[in-house]
Amino acid sequence: MENDILKVLYSQQDIHDITTRLAAELRRDYAGKNPLVICILKGAIMFMTDLVREVDDYLEIDFMDVSSYGNETESSGEVKILKDLDASVAHRDVLIVEDIVDTGRTLHYLMALFKTRQANSVKICTLMDKPERRIADVHADYVGTTVPNEFVVGYGLDYAERYRNLPYIGVLKPEVYAHDEG
Ligand SMILES: O=P(O)(O)OC[C@H]1O[C@H](OP(=O)(O)OP(=O)(O)O)[C@H](O)[C@@H]1O
Ligand SMILES: [Mg+2]
């Protein structure tokens, strides 16, 4: 698997440093609020579990599985709910945790949904932001790092469901895609 990686963009140490910084901001902003922290499966799983372990305060976690991508690097533009939340967001301070904001379609949809469901507040914490690709108007409140317009994998992010278990974030060699197309 490591052989498929062209370059490492963020090492395990880089990710740890980013997570620690964001957790400190969250602890400050959500003190006494008992936020509902929502992990958007599957991509955000690694980031969310690392992030909440660095926040020394009361919070609740929940999971939602939505998908707008198939086994492709391009969004289909359609957001599908594959698994809804267990908890109600009504009157809660909701923090959506994402691995990446790319076109913004996923989060645009979720922001609107949680507001309709009468959340008290809805904020976004994303490990990565890829603003060059934005189509839907989405602004993340907490951003780990801004990434160039490249398809990234690892630390939860997949290409065709692979590479989520890489402990760092990197870019694939072009022949990995070429192989799939052939
Ligand atoms: O800003 P967007 O263009 O909407 O893209 C970002 C979303 O796409 C990816 O998820 P995906 O739908 O591929 O599902 P996954 O998390 O299960 O990989 C990623 O994890 C984000 O949730
Ligand atoms: Mg994906």
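Valine 153 stands opposite glycine 170, which sits in strand E9. Strands here are DSSP runs of E, at least two residues, and helices are runs of H or I, at least four, all numbered from the N terminus. This is a predicted model, where local features need pLDDT of at least 70, side-chain atom pairs count only at pLDDT 80 or more, and totals for chains, interfaces and linings use all residues. Residues are numbered from 1 along each chain as its sequence is written, chains are lettered from A and ligands numbered from 1 in written order, and side-chain values use heavy atoms, without hydrogens and water.

Back to the strands. E8 and E9 (residues 169-172) pair in the antiparallel sense, over 2 bridges. Pairing requires at least two bridges found by DSSP. The open sheet has 3 strands, in the order E1-E9-E8, with antiparallel pairing. Why is one side of E1 and of E8 left without a neighbour in the sheet? Strand E1 (5-10) and strand E8 (152-153) stand at the edges with a single partner strand each, so one side of each has no neighbour there.

Now the helix. H1 (residues 12-29) lies across E1 and E9. H1 runs at about 30 degrees to E1. Contact means heavy atoms within 4.5 Å. Axes are lines fitted to C-alpha atoms, for helices over the stretch in contact, and angles run from 0 to 180 degrees between N-to-C directions.

Two backbone details next. Most residues other than glycine have a negative phi, and most peptide bonds are trans. Tyrosine 155, not a glycine, has a positive phi of about 50 degrees. Tyrosine 155 is in the loop between E8 and E9. Leucine 41 and lysine 42 are joined by a cis peptide bond, with omega about -5 degrees. Lysine 42 lies in the loop between strand E2 (36-41) and helix H2 (45-52).

Last, the ligand. How many residues surround ligand 1? There are 18, and the closest are Glu98, Asp99, Thr103, Gly104 and Thr106. Near means a heavy atom within 4 Å. The shell divides into 5 nonpolar, 6 polar and 7 charged residues. Nonpolar covers Ala, Val, Leu, Ile, Met, Phe, Trp, Tyr, Cys and Pro; charged is Asp, Glu, Lys and Arg; the others, Gly among them, are polar.

An oxygen atom of ligand 1 is 2.8 Å from a polar backbone atom of aspartate 102. In side chains, an N or O atom of aspartate 158 is 3.1 Å from a ligand 1 oxygen, and one of arginine 164 is 3.0 Å from a ligand 1 oxygen.

Terms used: A polar contact is a pair of N or O atoms within 3.5 Å; within protein, one must be able to donate a hydrogen and the other to accept it, and residues adjacent in sequence count only if both atoms are side-chain atoms.
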